[in-house]
Amino acid sequence: MLNIRTILLVIHIICAGLWIAQFVTTIVFERLIHANSGKPAELTLMLAQIRVSSTAGMIAGNGILLTGLALIATEHLGFLGIGGSVTPLWLFVKQIVYIILLIIVFVGINPTASRLQKEISAAADGGTLATAEMRLQLNRLRMIIYAHDAFVLLNIVMAVAKFN
């Protein structure tokens, strides 16, 4: 019979997989958008990239947070060394990296993606094509997403390695 820790761990790993899969989807969308540059499909692909990344990020990020906190509780570990429980070094570093990921999302990704999504939607509704400025903003957003993905990969490596 499965115990709660195993179930939480499986969900945690699935969410981590979804999170790192965003790296692949970003590359795929980047190539598709580039191949359709100057065509009406470009705006649709830009919107799709933002929506797919946003949806996957919300599911994965919240899933990681909730299952991570539940795993900490079930294993009687600490959060950032607070609460009198022991927080192993590998877990402490993962928690710090997760906080950095949250900052990247709330300061870099969400505001940029939200603003860009409105601009792209307005252009699509108006029947115009993507502008050079939209492409530049989307490339900047991708760079932030790639930095985010590097931190996600770091957290996955630390989870597997569990250094002390």
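1. Start with helix 3 (89-125) and helix 4 (132-161), whose axes come within 9 Å and cross at roughly 160°. Axes here are lines fitted to C-alpha atoms, for helices over the stretch in contact, with angles from 0 to 180 degrees between N-to-C directions. Helix 3 is therefore roughly antiparallel to helix 4 (angles over 145 degrees count as such).

2. A word on the basis: this is a predicted model, where local features need pLDDT of at least 70 and side-chain atom pairs count only at pLDDT 80 or more, while totals for chains, interfaces and linings use all residues. Residues are numbered from 1 along each chain as its sequence is written, and side-chain values use heavy atoms, leaving out hydrogens and water.

3. Now the largest nonpolar core, with 18 residues, where Met46, Ile120, Met134 and Leu141 touch the most other members. Such a core is a set of buried Ala, Val, Leu, Ile, Met, Phe, Trp, Tyr and Cys residues joined through side-chain atoms within 4.5 Å; buried means under 20% relative accessible area (1.4 Å probe, protein chains only). Helix 3 gives the largest share of this core, six residues.

4. Do look at methionine 134: beyond its neighbours within four places in sequence, it is in contact (heavy atoms within 4.5 Å) with Leu43, Met46, Leu116, Glu119, Ile120 and Ala123.

5. Glycine 61 sits in helix 2 (helices are DSSP runs of H or I, at least four residues, numbered from the N terminus) and is buried, at 9% relative accessible area. Setting aside neighbours within four places in sequence, glycine 61 is in contact with Trp19 and Tyr98.

Conventions
Buried < 20%, exposed > 50% of the residue type's maximum accessible area, 1.4 Å probe, protein only. Helix = DSSP H or I, 4+ residues; strand = E, 2+ residues; numbered from the N terminus. Parallel < 35°, antiparallel > 145°, perpendicular 65-115°, else oblique.
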